[in-house]
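Take a moment with the sequence and the model. Then read on, one region at a time.

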Amino acid sequence: EGKERFSRTSAIRPSSPYSASKAAADHMSLSFYYTHGYDVRVTRCTNNYGRFQYPEKFIPTIITRAIAGLSIPVFGDGKQVRDWIHVNDHCEGIFSVIERGKPGGVYLFGGSSEVRNIDLVHAVLKSIALHQGSPEDNLLLLIEHVRDRPGHDRRYAIDWSSSENELGWKPKTNFEDGLSQTIKWYLKNEEWRNELQLRAQVS
């Protein structure tokens, strides 16, 4: 849980089957570059947020459950730290790899916006209360600490300076502004939220 960020030279040490599968996919893809010369370019990023993100993801879960008055699950003590990147910045990063990246290259994208999960929950609920004109304390009562996930990393952050140096890329979206815009979008698009939730129930 130190201050170091993952870089391209960091050892990959997945701590769960989920993260191991992603690491394996990277290695498998790059093997086709090394063995057969395929034009393979790998990107790695931190947590995404923004419009149209499926409700089961962390930020949409907080928003949709708060709106519905349902409990908001927080794994363990909630002090796990994550770096957040706006989806627009991530997409620009991918386009920059397509346009200026090199075959066999590995490119990292982050937002330099490290936040503890529990602090993020509080920030989202405070913003919702402000937009709805409702008491923040009522929403804070919805927070429910649940058993932590096995293999849950305490901190995840990326050093994206190599992407800035090689691609001229850097994140443009301030996290506070991006988060506020995201919350407003979810509050205004109730029909979209409901349609996805109905679809999930049917399936």
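Is Phe32 buried, partly exposed or exposed? Phe32 is partly exposed, because its relative accessible area is 34%. The cut-offs are these: buried means under 20% relative accessible area, exposed means over 50%, and partly exposed is in between (1.4 Å probe, protein chains only).

A word on the source. This is a predicted model, in which local features need pLDDT of at least 70 and side-chain atom pairs count only at pLDDT 80 or more, while totals for chains, interfaces and linings use all residues. Residues are numbered from 1 along each chain as its sequence is written, and side-chain values use heavy atoms, with hydrogens and water left out.

Now the overall picture. The chain holds eight helices and eight strands. Both are DSSP runs, numbered from the N terminus: helices are H or I with at least four residues, strands are E with at least two. The C-alpha trace spans about 55 × 40 × 35 Å along its principal axes. Of the 203 residues in the chain, 39% are buried.

Next, contacts, which means heavy atoms within 4.5 Å. Take those between residues at least 6 apart in sequence: 83% of them join residues at least 24 apart. Ser16 gives a local view. Ser16 lies in the segment before H1 and is buried, with a relative accessible area of 17%. Leaving aside neighbours within four places in sequence, Ser16 is in contact with Pro150 and Gly151.

The chain has an accessible surface of about 12,100 Å², and 52% of it belongs to carbon and sulfur atoms. Such areas come from the Shrake-Rupley method with a 1.4 Å probe; for residues, only the protein chains shown count as cover. Phe32 returns here. Its place is in helix H1 (residues 17-36). With Met28 and Tyr38, Phe32 forms a nonpolar patch on the surface, and the accessible area of the three together is about 320 Å². Patches are made of residues with over 30% relative accessible area and no salt bridge; like charges are joined within 9 Å, nonpolar side chains (Val, Leu, Ile, Met, Phe, Trp, Tyr) within 5 Å.

Then come the charged pairs. Side chains of opposite charge can pair when their charged atoms come close. Here a salt bridge is a side-chain nitrogen of Lys or Arg within 4 Å of a carboxyl oxygen of Asp or Glu. The whole structure has nine salt bridges.

Glu114 is partly exposed at 31% relative accessibility, and Arg5 is partly exposed at 33%. Arg155 counts as buried, at 16%.

Another salt bridge joins Glu92 and Lys172, with the closest N and O atoms 3.2 Å apart. Glu92 lies in helix H3 (residues 87-100), and Lys172 in the loop between helix H6 (161-167) and helix H7 (175-188), so the pair ties together parts 80 residues apart in sequence. Glu92 is partly exposed at 34% relative accessibility, whereas Lys172 is exposed at 62%.
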